[in-house]
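Trainee: I'd like to learn how to read helix packing and a few other features in a model. Can we go through them one at a time?

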Amino acid sequence: MLEPLRQGLPPLDPAAVSNAASCALPARYEAVRDARKFTRGTLDEWDIGDRFDDVCLVVSELVTNALRHALPSDTPRGPEQGPPVRLHLMHWTGRLVCAVRDPSHDSPEARDSDDCSAESGRGLFLVDSFADSWGWHPLAGALNGKVVWALFRLHTAG
């Protein structure tokens, strides 16, 4: 079990964000593809598409984990259901944060796996490997659930 972690996040003041975008994702595994497409378009629009491969891998893992582990097994998975997961991308000068909100209060769990051929269980290891930092925190107030985030430092010209 991982303790909630906010350290490493840029200031949460909305006025400090250069750009921000978000999209709602339905409770279907096809939503991972939609998240990658949204990420590609957003990073290209912000002229930081050169980081797409690393960011896309992390977004895919965070969204997959939210769909697989954060939704109860009886969550309706049809297209007519409301979107229970949301992807947020926030860009500061020199930093990008990818955050996935889901309705679960459960902490993300990094699994220890010695089996390199396993098809699952390495998602948070990949997030840790490709992002500069990552963490999670519970939501408060009217929002329910948690946010799992990953921070990328961006190379600035000059």
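Mentor: Helices (H or I, at least four residues) and strands (E, at least two) are DSSP runs, numbered from the N terminus. With that in hand, A31, V32, A35, R36, T39, R40 and L43 of α1 meet F52, V55, C56, V59, S60, V63, T64 and L67 of α2. This is a predicted model, where local features need pLDDT of at least 70 and side-chain atom pairs count only at pLDDT 80 or more, while totals for chains, interfaces and linings use all residues. Residues are numbered from 1 along each chain as its sequence is written, and side-chain values use heavy atoms, with hydrogens and water left out.

Trainee: What kinds of residues make up the contact of α1 with α2?

Mentor: Sort them by class: Ala, Val, Leu, Ile, Met, Phe, Trp, Tyr, Cys and Pro are nonpolar, Asp, Glu, Lys and Arg are charged, and the others, Gly among them, are polar. The contact of α1 with α2 divides into 10 nonpolar, three polar and two charged residues.

Trainee: And how do I describe the geometry of a helix pair?

Mentor: Two packed helices are described by the angle between their axes and the distance between the axes. The axes are lines fitted to C-alpha atoms, for helices over the stretch in contact, and angles run from 0 to 180 degrees between N-to-C directions. Here the axes of α1 and α2 come within 9 Å and cross at roughly 145 degrees.

Trainee: Which hand does the crossing of α1 and α2 have, left or right?

Mentor: A crossing is left-handed if the near helix is turned anticlockwise from the far one by less than a right angle, and right-handed if clockwise. α1 passes α2 in a right-handed crossing.

Trainee: What about α2 and α3: at what angle do they pack?

Mentor: α2 and α3 (residues 123–130) pack at about 150 degrees, with their axes 9 Å apart. That makes α2 roughly antiparallel to α3; the cut-offs are under 35 degrees for roughly parallel, over 145 for roughly antiparallel, 65 to 115 for roughly perpendicular, and oblique for the rest. The crossing of α2 past α3 is left-handed. On the α2 side, D54, L57, V58, E61, L62 and N65 meet G123, L124, L126, V127 and F130 of α3. The residues of that contact split into seven nonpolar, two polar and two charged.

Trainee: T39 turned up in the α1 contact list. Is T39 buried or exposed?

Mentor: Buried means under 20% relative accessible area, exposed means over 50%, and partly exposed is in between (1.4 Å probe, protein chains only). T39 has a relative accessible area of 0%, so it is buried. Leaving aside residues up to four places away in sequence, T39 touches F52, V55, V59, L87 and L89.

Trainee: Now salt bridges. How many are there in the whole structure?

Mentor: Side chains of opposite charge can pair when their charged atoms come close. The cut-off is a side-chain nitrogen of Lys or Arg within 4 Å of a carboxyl oxygen of Asp or Glu. A search of the whole structure finds five. One of them joins R40 and D44, at 3.6 Å from N to O. Both residues lie in α1 (residues 31–45), four residues apart, about one turn of the helix. R40 is partly exposed at 34%, and D44 is partly exposed at 43%.

Trainee: Is R51, which pairs with D54, buried or exposed?

Mentor: R51 counts as buried at 11% relative accessibility, whereas D54 is partly exposed at 25%. Their salt bridge spans 3.7 Å, N to O.

Trainee: Where does W46 sit?

Mentor: W46 is in the loop between α1 and α2 (52–69), and it is buried, with a relative accessible area of 11%. Not counting residues up to four places away in sequence, W46 touches N19, A20, A21, L89, M90, H91 and L96. W46 and A20 are 26 residues apart in sequence, with their C-alpha atoms 9.7 Å apart.

Trainee: And what does the whole chain look like?

Mentor: The chain has three helices and five strands, in the order β-α-α-β-β-α-β-β. Of its 158 residues, 42% count as buried. Among contacts between residues at least 6 apart in sequence, 69% join residues at least 24 apart.

Methods: Contact = heavy atoms within 4.5 Å.
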